[in-house]
Structure formats: C-alpha cells, structure tokens
Amino acid sequence: MENDLAIEEDAYQWLRGHLSGFLRFDGERVAIKIAPMPDGTFVASVMVAMLMAADTVLELPDDGENDLHLMVSLEKFDEREDANGCADRWRTYHGDPPDVNWAHITIDAVKFRGYFIDGEVFLRPNVLATDESAICRTINRTKRDGVSAAIFAQFHADAENALVVGVDATGLDVRRQFDVLRLRAPAECVISDETTALEALKSLTQST
C-alpha cells in the first residue's frame with residue numbers, strides 16, 4: 001500500500017513537471033501542451049480531429065517506457081462562453097495557442113513505470129486557488145533573482161524571461177521563453193500561503 005501511494009505521488013509530480021508532450025489519436029501523434037486549472041483538471045488547445053477521436057492517449061513528455069501515458073477524454077468548450085478563464089489560463093502558461101479549439105481534459109487512467117493508476121488520483125484541486133495570482137505577483141515583483149537561482153540549482157539552466165505562473169501546495173510553475181519548468185517544493189515544505197511559498201523558494205535556491 002505504501003509503495004502504491006509512493007508511485008501515485010511520483011506519477012502526479014511527473015505530470016505536474018511535464019506539461020508538454022504528445023497526443024496519440026486515430027493513428028496520429030501530435031505535439032500538445034496542457035495547463036492545470038484550480039479545480040485540479042487540465043485544459044489544452046486542440047485540433048478538431050482530436051475532439052472527434054474515440055481513443056486519445058497523452059504521452060508526457062514522450063512515449064518512452066518510463067514516461068507517463070494517460071488515457072484521456074476531451075470535452076470541447078467555447079472560449080466565448082469560458083466563464084472560468086480556462087483559455088486564458090492556458091495562454092498564461094504557454095502563450096499563443098496553436099489552434100482555436102479548446103478542450104477540458106479528463107484523465108481516465110494512467111500507466112507509469114509498469115503501474116496502472118486510476119485517473120481520480122490526479123484530480124487534486126489547488127488549495128491556493130484564491131491566493132495564487134497574488135502570490136505569483138509578489139514573487140515576480142520581489143523575488144526574480146530567487147526564481148533564477150532556484151532554476152539554476154534545480155536544472156542548471158538559465159532563467160531568461162522567467163515568470164512564476166502557478167503555485168500550489170507542492171511547487172511552483174515557471175514559464176520561460178519556450179517551456180514551463182516545475183520547481184517542486186522540498187518534501188518538508190507544504191505551501192499554504194505567501195509566506196510558505198517564499199520559504200519554499202528560498203529552500204530551492206539552496207538545493208543542489
């Protein structure tokens with residue numbers, strides 16, 4: 001049981017750390033980017049053909065043996081009636097969309113490192129949803145150097161044009177020019193407000 005929980009957590013964190021991959025449908029395989037919503041679901045800019053497909057599999061970030069394979073369902077929504085700002089949320093994470101069609105993503109089941117996991121495991125509402133925007137603004141206004149240091153410490157990568165675009169109990173999402181990086185909070189840090197978010201960021205700058 002404990003091992004199952006560990007695998008489920010690893011799979012969830014893998015999902016949060018890989019928001020770009022490929023969607024397989026009807027013999028096609030097309031690059032796709034997803035964005036997390038406050039209620040724990042995900043959204044994406046999609047092709048019409050994806051919406052019409054009977055079976056869709058999301059590969060994050062690729063189709064390797066150790067990558068995440070998600071059996072998903074796509075439900076179209078109209079941006080003009082998008083009261084929850086799903087399309088804008090996607091743009092915040094990834095910029096200009098490749099298509100004008102949008103879909104909510106339901107995760108039905110997942111295969112990860114030889115394990116099969118129920119999709120409900122991945123539906124985790126963001127407890128910081130109400131304060132998320134304010135926390136991101138504070139970090140981007142006052143802690144840009146800290147974000148850069150954390151990215152270098154975690155990925156040995158540059159942080160040019162990096163902006164924090166999301167924060168939840170287990171980490172921060174940082175958008176760079178061409179990708180989104182996940183700064184996972186240290187195990188001992190549970191982010192519950194602005195103060196703990198800043199504490200987690202400070203800890204990450206000291207990690208190697």
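Student: Hi! What should I know before we start?
Tutor: This is a predicted model, where local features need pLDDT of at least 70, side-chain atom pairs count only at pLDDT 80 or more, and totals for chains, interfaces and linings use all residues. Residues are numbered from 1 along each chain as its sequence is written, and side-chain values use heavy atoms, leaving out hydrogens and water.

Student: Great. At what angle do helix 4 and helix 6 cross?
Tutor: Roughly 45 degrees, and the axes of helix 4 (residues 132-142) and helix 6 (residues 194-205) come within 10 Å. Helices (H or I, at least four residues) and strands (E, at least two) are DSSP runs, numbered from the N terminus. Axes are lines fitted to C-alpha atoms, for helices over the stretch in contact, with angles from 0 to 180 degrees between N-to-C directions.

Student: Which residues meet there?
Tutor: A134, I135, T138 and I139 of helix 4 meet E194, A197, L198 and L201 of helix 6, where contact means heavy atoms within 4.5 Å. By class, that contact of helix 4 with helix 6 has 6 nonpolar, 1 polar and 1 charged. Here Ala, Val, Leu, Ile, Met, Phe, Trp, Tyr, Cys and Pro count as nonpolar, Asp, Glu, Lys and Arg as charged, and the others, Gly among them, as polar.

Student: And how far apart are the axes of helix 5 and helix 6?
Tutor: The axes of helix 5 (residues 144-155) and helix 6 are 7 Å apart, at an angle of about 45 degrees. Helix 5 is therefore oblique to helix 6; angles under 35 degrees count as roughly parallel, over 145 as roughly antiparallel, 65 to 115 as roughly perpendicular and the rest as oblique. On the helix 5 side, G146, V147, A149, A150, A153 and Q154 make the contact, with L201, L204 and T205 from helix 6. That contact has 6 nonpolar, 3 polar and no charged residues.

Student: New topic: what volume does the largest pocket have?
Tutor: About 240 Å³. On a 1 Å grid over the protein atoms alone, a pocket is an open set of points with protein on both sides within 12 Å along at least five of seven lines, while a cavity is a set where a 1.4 Å probe fits but cannot get out; lining residues have an atom within 4 Å of a point. Grid points are joined across faces, edges and corners, and a volume is the space filled by probe spheres set on the points.

Student: What lines that pocket?
Tutor: The lining of the largest pocket includes D88, R89, E132 and C136, and it divides into 5 nonpolar, 4 polar and 3 charged residues.

Student: How many cavities of 30 Å³ or more are there?
Tutor: The structure holds 1. L15, I34, F42, L58, L70, V72, I105 and I107 line the largest cavity, with 8 nonpolar, no polar and no charged residues.

Student: Last one: where is the cis peptide bond?
Tutor: It joins L60 and P61, with omega about -10 degrees. P61 sits in the loop between strand 4 (56-60) and strand 5 (68-77).

Student: And what is the phi of D26?
Tutor: D26 is not a glycine, yet its phi is positive, about 45 degrees. D26 is in the loop between strand 1 (20-25) and strand 2 (28-36).
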